[in-house]
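Please examine the sequence and the structure shown below before reading on. The briefing that follows is arranged by topic.

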Amino acid sequence: MLLSTHLAAGLIISKLTGNYNVSLLGSVVMDLDHLIAYYRTGILLKFKKVLIATTGGNYIGLPQRNFFHNIFFCLLVLAIVSVINFSTGLTFGAAYVCHLILDALDNKNYYPFYPSLKINLRGPIKYFSRQEFIFTFILLLIFFII
């Protein structure tokens, strides 16, 4: 999913928990692992190629959703943050899990047990499409309604 979709979901969690900073951070920070794939393929500092890769224009040869999109890494981070502050850990964990669920809903490759590529989740929502923009709009409506 796009950053805007993750932010919309983070806003919903923010309103439910009252902790905007943590839930917004938890809803987007794991996308930093895209930078690992961009670095490993040599396009990190090539704006046009990164833009094409982020909008689904082409496959760069490596999964962009890797280490931080791993379910086990999510559980590890959730445990660490919860030990530090339980309330913050629950909020961050809810946003993180929501991020993973949203990524499983789009049609791009998502390997929940990365580096194992045995299970590939691909959902019904086309990445960077009208469907996704409508889905994001619905999430924003939910945010304003609750």
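The model is predicted: local features need pLDDT of at least 70, side-chain atom pairs count only at pLDDT 80 or more, and totals for chains, interfaces and linings use all residues. Residues are numbered from 1 along each chain as its sequence is written, and side-chain values use heavy atoms, with hydrogens and water left out. Two packed helices are described by the angle between their axes and the distance between the axes.

**Helices α1 and α7**

- Helix α1 covers residues 3-17 and helix α7 covers residues 130-145; they pack at an angle of about 15°, with their axes 9 Å apart. Helices here are DSSP runs of H or I with at least four residues, numbered from the N terminus. Axes are lines fitted to C-alpha atoms over the stretch in contact, and angles run from 0 to 180 degrees between N-to-C directions.
- Because of this angle, α1 is roughly parallel to α7; angles under 35 degrees count as roughly parallel, over 145 as roughly antiparallel, 65 to 115 as roughly perpendicular and the rest as oblique.
- The crossing of α1 and α7 is left-handed. A crossing is left-handed if the near helix is turned anticlockwise from the far one by less than a right angle, and right-handed if clockwise.
- On the α1 side the contact (heavy atoms within 4.5 Å) is made by S4, T5, A8, A9, L11, I12 and K15. On the α7 side it is made by E132, F135, T136, L139, L140, I142, F143 and F144.
- The residues of the contact of α1 with α7 comprise ten nonpolar, three polar and two charged. Ala, Val, Leu, Ile, Met, Phe, Trp, Tyr, Cys and Pro count as nonpolar, Asp, Glu, Lys and Arg as charged, and the others, Gly among them, as polar.

**T136 within α7**

- T136 lies in helix α7 and counts as buried, because its relative accessibility is 8%. Buried means under 20% relative accessible area, exposed over 50%, and partly exposed in between (1.4 Å probe, protein chains only).
- Not counting residues up to four places away in sequence, T136 touches S4, T5 and A8.
- The side chains of T136 and T5 are joined by a polar contact of 2.6 Å. A polar contact is a pair of N or O atoms within 3.5 Å; within protein, one must be able to donate a hydrogen and the other to accept it, and residues adjacent in sequence count only if both atoms are side-chain atoms.

**Helix α2 and its partners**

- Helix α2 (residues 20-28) packs with α1 at an angle of about 150°, with the axes 8 Å apart. This angle makes α1 roughly antiparallel to α2.
- The crossing of α1 and α2 is right-handed.
- The axes of α2 and helix α6 (residues 86-105) come within 7 Å and cross at roughly 35°, and this crossing is right-handed.
- V22, S23, L25, G26, S27 and V28 in α2 meet T88, T91, F92, A95, Y96 and H99 in α6. By class, this contact has six nonpolar, six polar and no charged residues.

**The loop between α4 and α5**

- N70 is found in the loop between α4 (47-54) and α5 (71-84), and at 9% relative accessibility N70 counts as buried.
- Leaving aside neighbours within four places in sequence, N70 is in contact with P112, F113, Y114 and P115.
- Y59 is also found in the loop between α4 and α5, but at 55% relative accessibility Y59 counts as exposed.
- Y59 and N109 are 50 residues apart in sequence, and 10.0 Å apart in space, C-alpha to C-alpha.

Methods. Helix = DSSP H or I, 4+ residues; strand = E, 2+ residues; numbered from the N terminus.
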